[in-house]
Amino acid sequence: MSNFGDLANPWVPGLPVYEPGRPVEEVARELGFGSADEIDKLASNENALGPSPRAVRAMQEQATQMHRYPDGGAYYLKRALAAKLDVEPGQILPTNGSNEALELLGHVFLNDSVEIVMADTAFVVYRLVAAAAQSGVVAVPMKDYTHDLDGMRAAISPDTRIVFVSNPNNPTGTAVGSDDVARFMDSVPDTAVICFDEAYVELLDEEDRPDTLQYVRDGRNVVVLRTFSKVYGLAGLRIGYAAAPEECMALLNRVRQPFNVNAMALAAAEAALEDEEHVERTRAMVREGLAGLADALDEAGIPYVPSVVNFMLVEVGAGRTVFGELQKRGVIVRPMDGYGLPKHVRVTVGTRKENERFVRELKAALA
Ligand SMILES: *Cc1c(COP(=O)(O)O)cnc(C)c1O
C-alpha cells in the first residue's frame, strides 16, 4: 500500500481543489443529447466567436515546427506587447495563462507568515495561491457586488504581501473606476504588491480603463495581469502575461520554468494582437448580448447584477438546482454557491441565439 499522503508536505492534502467543468461531450452523453453541438456552454466566459482567424492561421503555420523548443525569452511577443502597451519589453512576462502569473507571484511573495488581501467575492484562484503558500487570506466584503477599495486599503497590514484587485471582477461583472483606483494607489503602503488582474479589460471602453500600466512605468509595486483567454478567444492555448517593473520581473523569472509558454501560444498571441477586427467584433457582440439579456431578464422580472463584461450574475433563487435544470435543457452555466452566492448563477454572454436560448430555458426552469 502506498502512503503518499504521509509523505507529502503536511499542508498539501488539505488544500482546496479547483473544480473544472466536465467535458461537454460527457454532459451530452449523460443527458441524452445527440451530440455536444446541441449543448450551449455558457460557463467559462469564453469568446463565443472563437479564436481570431489570424491566430488560427499562425497556429497552422507553426504546427510543422513543433519539434523545436519555444523561444524561452518570448522575444517577439514581449516586443509586440510592449509597443502596444507603451512599456518596455523587459516589463512584460508572457505566462501559461494569467493563472501561471498568479502562481509565480505566490512563489515569489507568499509564505506562511504573510497574508493576502482580496475582495470576498473575487476570483477564487487568489485563495488557492494563498493556500498553496500557507498564507493567510483577508477577504474584504464587497459593496454592491463591487470592490470596496477603501475597505481593502484599511485591511492592509504590515503582513500583507499581495493585494489582489480583479478589475473588472469575475464573478460579479463589476468594475472600479479610475478615480477609485487613483485614490487607492495614493494611499497604499510600499510594503505590499498591488496586483490588478485585468482579464476582461479589453471589453471596457478606453476611457473607462484605469491606467494601471502608468504605475508600472512609474516603478511602483504594481503587477498588471492580462490574458488572451477571454476577448482574444484563446483560452485553450493557455497564454497571458504580467506587466511589472523590471525589478519584479527579475524575481518572477527566477521561479518560472524555462519554457513556460509553448511555441503555438506565442505564435497565436502575436497574430491575435494584430487582429483588431476580431476584438471589435467581440466587443460588439458582448455589448449587444448584454443589452439583450438585460432587456429579457427585466421583462421576465428576473433580477441580475448589471455587468460591464461578457458574463452576468443572475439571481435565480436556488442556484445549484437551477444550474442542474438548465443543464438538463442543454445550457451550461456556472453555479455560484462556491463563491458564497447560492442564489445566483453566472452566465457567459454568447451569440444572440445562445443568449435567447438561455433566457427561454431559464424561464422554463423557473416555471
Ligand atoms: C479568466 C480569468 C483569468 C484568466 O485566466 P487564464 O489563466 O489567463 O486563462 C484571470 N483572472 C480572472 C479574474 C479571470 O476571470
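Predicted model: local features only at pLDDT ≥ 70, side-chain atom pairs only at ≥ 80, totals over all residues.
**Entry 1: polar contacts across the domains**

I started with the polar contacts between domain 1 and domain 2, and the count is eight residue pairs, both residues at pLDDT 80 or more. A polar contact here is a pair of N or O atoms within 3.5 Å; within protein, one must be able to donate a hydrogen and the other to accept it, and residues adjacent in sequence count only if both atoms are side-chain atoms. On the domain 1 side, the elements giving two or more residues are α12 (276-300), β10 (311-315) and β13 (344-348). α12 gives the most, with five residues. I sorted that side by class and got 11 nonpolar, nine polar and three charged residues. For the classes, Ala, Val, Leu, Ile, Met, Phe, Trp, Tyr, Cys and Pro count as nonpolar, Asp, Glu, Lys and Arg as charged, and the others, Gly among them, as polar. Helices (H or I, at least four residues) and strands (E, at least two) are DSSP runs, numbered from the N terminus.

Residues are numbered from 1 along each chain as its sequence is written, and side-chain values use heavy atoms, with hydrogens and water left out.

**Entry 2: the two domains**

Contact (heavy atoms within 4.5 Å) involves 23 residues of domain 1 and 25 residues of domain 2. The buried area comes to about 1900 Å², and carbon and sulfur atoms give 64% of it. That area is the accessible area (1.4 Å probe) that two parts lose on being put together, summed over both. In domain 1, R283, V308 and Y339 lose the most area to domain 2, together 31% of what that side buries.

Which residues form a salt bridge with the closest N and O atoms 3.0 Å apart? I found R283 and D205. The count between the two domains is one salt bridge. The rule wants a side-chain nitrogen of Lys or Arg within 4 Å of a carboxyl oxygen of Asp or Glu.

**Entry 3: S52**

I then checked S52, which sits in the loop between β1 (40-41) and α3 (53-62). Buried or exposed? S52 counts as buried because its relative accessibility is 1%; the cut-offs are under 20% for buried, over 50% for exposed and partly exposed in between (1.4 Å probe, protein chains only). Leaving out residues up to four places away in sequence, S52 touches Y232, A272, D275 and H278.

**Entry 4: other salt bridges**

The count comes to 18 salt bridges by this rule. I picked out E276 and K84, at 2.8 Å between the closest N and O atoms. This pair links distant parts of the chain, with E276 in helix α12 and K84 in helix α4 (residues 75-85), 192 residues apart. E276 is partly exposed at 43%, and K84 is partly exposed at 41%.

D180 and R183 pair at 3.5 Å, N to O. Both lie in helix α8 (residues 178-187), three residues apart, about one turn of the helix.

D337 pairs with R320 at 2.6 Å. D337 is in the loop between β12 (334-335) and β13, and R320 is in helix α13 (residues 319-328). I also noted one network, where salt bridges that share partners join E325, K328, R329 and E361.
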